Amino acid sequence: MEREQYLAAIKPRMPEKRFIHTVGVMETAINLAQKYGEDVKKAETAAILHDIAKYADIEWMENIVRDEKLDERLIGWGSELLHGPVGAYIAQSEFGITDEELLNAIRFHTTGRASMSRLEKIIFVADMIEPNRRFDGVERLRKKAQKNLDKAMSACVRHTLAFLIDTKQPIYPLSIECYNDMMNRED
Ligand code: GDP
Ligand code: FE
Ligand code: FE
Ligand code: FE
């Protein structure tokens, strides 16, 4: 499928604001893919589909987790944690995407995980720094992303975890594994 077809397919599944965010992630992911030698088309498709499940019904998503034998630990965490893995399921079942790298970029875009691929890092970072994001420190993350993808990934995961701790939210195990993995690679 081409870009315009994917965009038309996701548009009715989310509010306008989320669609604008998605286009921002797409443009940022394309830029990073070009910069770091990743497959641009794969980055584009993963970015367009990354939040496709964000507004899906939670009970429906929890049933997908059970039926498709996804990580059972997801049950009870709500749509913020479910929409990545379920988004990958939708990309596969509705859009016929079979490329595991592309599916993993969607699957792990919220939490990250240990040993992320270049494409996974690009989608994770693009999601956080796309032009419509506004938060203290985002400009610093944007600059890092133009210099070094691993350092940007590391800074993004630290920012997310610091935010979760500050706001007294529980941290999903994969998020911690992602953090530990990035810190073990810091030089
Ligand atoms: P979005 O879908 O574009 O808004 O961005 P993400 O998919 O990256 O994140 C969705 C939400 O999940 C954000 O509010 C994050 O702070 C939150 N989030 C990410 N990791 C964790 C985690 O380990 N635990 C919890 N409770 N929330 C998380
Ligand atoms: Fe998301
Ligand atoms: Fe994210
Ligand atoms: Fe997003």
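A: Let's start with the fold. Read along the sequence, the protein runs α-α-α-α-α-α-α-α-α-α, which comes to 10 helices and zero strands. Helices here are DSSP runs of H or I with at least four residues, strands are E runs of at least two, and both are numbered from the N terminus.

A word on the source: this is a predicted model, where local features need pLDDT of at least 70, side-chain atom pairs count only at pLDDT 80 or more, and totals for chains, interfaces and linings use all residues. Residues are numbered from 1 along each chain as its sequence is written, while chains are lettered from A and ligands numbered from 1 in the order in which they are written. The average pLDDT (the predictor's confidence in each residue, from 0 to 100) is 97, and 100% of the residues score at least 70. The model also scores ipTM 0.97 and pTM 0.98.

Now the helix to look at: H5, residues 79-93. At Pro85 it bends by about 30°, the bend being the angle between axes fitted to the seven residues ending there and the seven starting there. H5 is also mostly covered, with 11 of its 15 residues buried. Buried means 20 or more other C-beta atoms within 10 Å of the residue's own, exposed means 12 or fewer, and partly exposed is in between, with C-beta atoms placed from the backbone. Pro85 itself is one of the buried residues, as are Leu81, His83 and Tyr89. The cover over the buried residues includes helix H3 (40-49), helix H4 (58-67) and helix H6 (100-107), going by contacts, that is, C-beta atoms placed from the backbone and lying within 7 Å. For the protein as a whole, 37% of the 187 residues count as buried.

On to the ligand. Ligand 1 has 15 residues around it, the closest being Glu80, Thr110, Gln169, Tyr172 and Ser175; a residue counts if its C-beta atom, placed from the backbone, lies within 6 Å. Helix H9 (residues 149-166) gives the most to this shell, with three residues. Gln169 is found in the loop between H9 and helix H10 (173-185). From Gln169 back to Ser79 is 90 residues in sequence and 14 Å in space, C-alpha to C-alpha.

Key: Two residues are in contact if their C-beta atoms, placed from the backbone, lie within 7 Å.
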